[in-house]
Amino acid sequence: NLNGPRNPTGALTLGPDGNFYGTTHYGGTGGFGTVFRITPGGLLSVIANLDTSYTGASPVSALALGPDGSLYGTAVGGPKIGGTVFRVTTNGTVTVVASFSPAVWSGSILTNLNGDTPQAGVTLGPDGCFYGTTIEGGTNGGGTIFKVSTDGVLTTLFALGGTNGQSPYANMTVGPDGMLYGTTYVGGTHSAGTVFKVTTNGAFTKLIDFTDANGSNPEGALIVGPDKNLYGTTVNGGPGGDGTVFKLTTNGVLTTIVPFNFLTGASPMAGLSLGPDGFFYGTLSGGSYPTNSGGAVFRVTTNGTLTILANFASTNGYEPQASLTLGPDGNFYGTTPHGGPPSIGAGVVYRFSLRPSTNQIVSIILDAGGVATLSVASTPGSTNRLWVATNANLPLAQWQSIATNIATNGVFQFMDSDTSGKPMKFYRVSTP
């Protein structure tokens, strides 16, 4: 169905109604992309068709939930050609909030320097305004950092280019200090991209340059970890040549914690997502050689322990480019722009479950105020997760994760000192 939604590239956004909202790069009545709603159970509805001459077209990034309950996104084209920031309500009413104009020459002077082509989505700042970037335009030609209010007041905060970096592809992130942190895909001292921070009034600081040896071409958004450091990915570079996961302090100390290569899987185009277990989860657009070329879902700890959890193989999706979104049921949801049933192949929305498999259930009687100790045979060196419930017949989504541990000598041990007023508990151990 060429009029249906096609090729979702951005992450999903959890709406105020408990459903997910996203965009497609193509499809819709004009072929210029759509905004869609999908329930956790998989019921898909197109709520808006985009129009290149008005709303803008071909969005590639996630929507941002605004303080008014509406969703905000970016698109190319639009009434001034240079792109738009648009607002869409959950019932599908689309309004252009701001438009960008390409830079043009007026004699020997460049005008319309508010930026051109917002590739990344917008981020809600601490002041209730949205912050975003353009990949072109501005006084230096390398894109801009902008602020836009919900009533459409557009302000250019900083012009990128040269050694400051250029062409920012990723959403900015509000850091633990209230500043906005972002990346540029190229530019910088080594032409491999940069990480920067900027205040809400436009004071700009470049934090680090990528050198290729420590990664190059960051494309996904940064995320604040439990330790208040920033974590991110690069598509290319690093010791393995196929991208990295890195940690960055807010004062600019960079540590590469995972180097990707063709054996592990390659090219994380999206940023990381924090799971309920304190681990980071992400996607690879390239799979491991030679059998899993369609990409993968991975987990990584803050100290760099990498686990490939699932592989894409065309029929279940192909080459994910978006980060994962944690749903209210404790599962991750995501998109791929390609793959799916062979007769369609225009991308998928998928669910990745973090819940335990149907392992053997062990029950333990707890004395009031007592401590339960249990040892479970497991693969030496494997990471194991403990789940607990007060009823063995509860759906898996209602089991709670309470501990993780590394099995030593083939035994995974745990202790549970919380009786929670219940004389009996049921436990599962899963990997992961």
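**Hairpin, salt bridge and rings**

A: This is a predicted model. In it, β27 and β28 form a hairpin with five residues between them. G304, in the turn, has a positive phi of about 95°.

Q: How many bridges pair β27 with β28, and in which sense?
A: Five bridges, in the antiparallel sense. Strand β28 covers residues 306-311.

Q: Which residue of β28 stands opposite R299?
A: T307 in β28 stands opposite R299.

Q: What about strand β26, how does that run against β27?
A: Strand β26, residues 280-284, runs antiparallel to β27, and five bridges join them. T283 stands opposite V297 in β27.

Q: Is β27 buried or exposed?
A: Five of the five residues of β27, residues 296-300, are buried, so the strand is largely enclosed by the rest of the structure.

Q: Which way do the side chains of β27 point?
A: A296, F298 and V300 point one way, while V297 and R299 point the other way. All of them are buried, R299 included. In a regular strand, side chains alternate between the two faces of the sheet.

Q: Changing topic. How many salt bridges does the count come to?
A: The count comes to one salt bridge. K206 forms it with D209, and the closest N and O atoms are 2.9 Å apart.

Q: And is K206 buried, partly exposed or exposed?
A: K206 has a relative accessibility of 26%, so it counts as partly exposed. D209 has a relative accessible area of 19% and is buried. The cut-off for buried is under 20%, so D209 at 19% falls on the buried side of it.

Q: On to rings. How many aromatic pairs does a search of the whole structure find?
A: Eleven aromatic pairs. One of them is F20 with Y333, a tilted pair at 4.5 Å centre to centre with 35° between the planes.

Q: Where in the chain do F20 and Y333 sit?
A: F20 is in strand β3, residues 20-24, and Y333 is in strand β30, residues 332-336. The two are 313 residues apart, and the pair links distant parts of the chain.

Q: Last one: which residues do ring pairs link into a cluster?
A: Ring pairs link F158, F196 and F204 into a cluster.

Definitions and conventions. Residues are numbered from 1 along each chain as its sequence is written. This is a predicted model: local features need pLDDT of at least 70, side-chain atom pairs count only at pLDDT 80 or more; totals for chains, interfaces and linings use all residues. Side-chain values use heavy atoms; hydrogens and water are left out. Buried means under 20% relative accessible area, exposed over 50%, partly exposed in between (1.4 Å probe, protein chains only). Helices (H or I, at least four residues) and strands (E, at least two) are DSSP runs, numbered from the N terminus. Two strands pair if DSSP finds at least two bridges between them. A salt bridge is a side-chain nitrogen of Lys or Arg within 4 Å of a carboxyl oxygen of Asp or Glu. Rings of Phe, Tyr and Trp (its six-membered ring) pair if their centres lie within 6.5 Å; planes under 30 degrees apart count as stacked, over 60 as edge-to-face and the rest as tilted.
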